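This briefing covers helices, their packing and a few individual residues. Please look over the sequence and the model before reading the points below.

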Amino acid sequence: MAVASRYGTGMPSFDVVSKLDMAEVENGVANVMREVGQRYDFKGAHCSVEMTEEGLTILADDDLKLKQVHEILQGQMSKRKIDPRVLDYQTVEQAAGQSVRQKVLLKNGIATELAKKLVKDIKAQKLKVQIAIQGEELRVTGKKRDDLQDVIAFLKTQELEQPLQYENFRD
C-alpha cells in the first residue's frame, strides 16, 4: 500500500520548486559583460562577471564599481525573467590592490531549512493537504483542487528569500 500512496492515489497534487534556467543566467552574464565593456563610466576599469561551478564571481576595481556591476547584473537578470532573489551575494573580499572580489551563489532548489519552514507555515494554515519534502522540492497533495490553490495563494503572500514555481499540477 505504501508504494501505491507514494506514486499517486489519484488525489490532486502539485510540486513547489525553485528552478533556475541556467542558459538564461549565462545569457544575462554575457549581457552584463557587454554592457560593462560599452559603458563610459567603465572605461579603463577592470570589471568582470564569470560563471563558476557554485555560481558567479564578480571582480571589480573598487566598491563603487562593484555596486554598479550589481545593478547591471540585477537589471539583466530581471530582463531575462530571472528573479534577483536567486542571487545570494557573499562577503566582499579584497583582491590585488584596490580591487574587490565577490562570489554570488545561485539559489537553485529549495534548501532543507526553507522546505521545513514552508511545511510548518502551510500546516499552520490548517489547510486539508499533505506536504512531503522530496529532495529540493515539495509535493503538496489534497482531496480538493481548491485546497491546493489555497496553498499556492498562501505561498505567494510569503516574503521568501527566493522565488518559487508551481508545476506538475495533477487532478
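In which sense, left-handed or right-handed, does α4 pass α5? The crossing of α4 past α5 is right-handed (a crossing is left-handed if the near helix is turned anticlockwise from the far one by less than a right angle, and right-handed if clockwise). L118, D121 and I122 of α4 make the contact with V151, F154 and L155 of α5, where contact means heavy atoms within 4.5 Å.

The model is predicted, so local features need pLDDT of at least 70 and side-chain atom pairs count only at pLDDT 80 or more, while totals for chains, interfaces and linings use all residues. Residues are numbered from 1 along each chain as its sequence is written, and side-chain values use heavy atoms, with hydrogens and water left out. Helices (H or I, at least four residues) and strands (E, at least two) are DSSP runs, numbered from the N terminus.

**The α4 and α5 pair**

- The two axes, α4 and α5, come within 11 Å and cross at roughly 120°; axes are lines fitted to C-alpha atoms, for helices over the stretch in contact, and angles run from 0 to 180 degrees between N-to-C directions.
- α4 and α5 are therefore oblique to each other (angles under 35 degrees count as roughly parallel, over 145 as roughly antiparallel, 65 to 115 as roughly perpendicular and the rest as oblique).

**Helix α4**

- Helix α4 covers residues 112-124, and its 13 residues should span 18 Å at 1.5 Å a residue, which agrees with the 18 Å between its end C-alpha atoms. The expected span of a helix is 1.5 Å times one less than its number of residues.
- Buried residues in α4 are L114, A115, L118, V119, D121 and I122; buried means under 20% relative accessible area, exposed over 50%, and partly exposed in between, with a 1.4 Å probe and protein chains only.
- The arc is that of the directions from the helix axis to the C-beta atoms.
- On the face of α4 turned away from the buried side are the exposed residues E113, K116, K120, K123 and A124.
- The cover over the buried residues of α4 includes β6 (129-134), β7 (137-142) and α5 (145-157).

**Helix α5**

- α5 also has a stated length: its 13 residues reach 19 Å from first C-alpha to last, close to the 18 Å expected at 1.5 Å a residue.
- D147, L148, V151, I152, F154 and L155 are buried in α5.
- Those residues cover an arc of only 160° around the axis, which puts them on the same side of α5.
- The face of α5 turned away from its buried side holds the exposed residues D146, K156 and T157.
- Packed against the buried residues of α5 are β1 (13-17), α4, β6, β7 and β8 (165-170).

**Helix α2**

- Helix α2 runs over residues 22-38, and the distance of 24 Å between its end C-alpha atoms agrees with the 24 Å that 17 residues should span at 1.5 Å a residue.
- V25, G28, V29, N31, V32 and V36 are the buried residues of α2.
- They fall on the same side of α2, since they cover an arc of only 165° around the axis.
- Exposed residues G37 and Q38 are carried on the face of α2 turned away from its buried side.
- The buried residues of α2 pack against β2 (48-51), β3 (55-60), α3 (63-79) and β5 (100-106).

**Residues with positive phi**

- Most residues other than glycine have a negative phi.
- K126 is not a glycine, yet has a positive phi of about 60°. K126 sits in the loop between α4 and β6, and is exposed, with a relative accessible area of 73%.
- N168, also not a glycine, has a positive phi of about 55°. N168 is placed in strand β8 and counts as partly exposed, at 36% relative accessibility.

- T141, in strand β7, is buried, with a relative accessible area of 17%.
- Leaving aside neighbours within four places in sequence, T141 is in contact with M11, P12, S13, V129, Q130 and L148.
- A132 belongs to strand β6 and is partly exposed, with a relative accessible area of 32%.
- Not counting residues up to four places away in sequence, A132 touches E137, L138 and R139.
- A132 and V16 are 116 residues apart along the chain, and their C-alpha atoms are separated by 10 Å.
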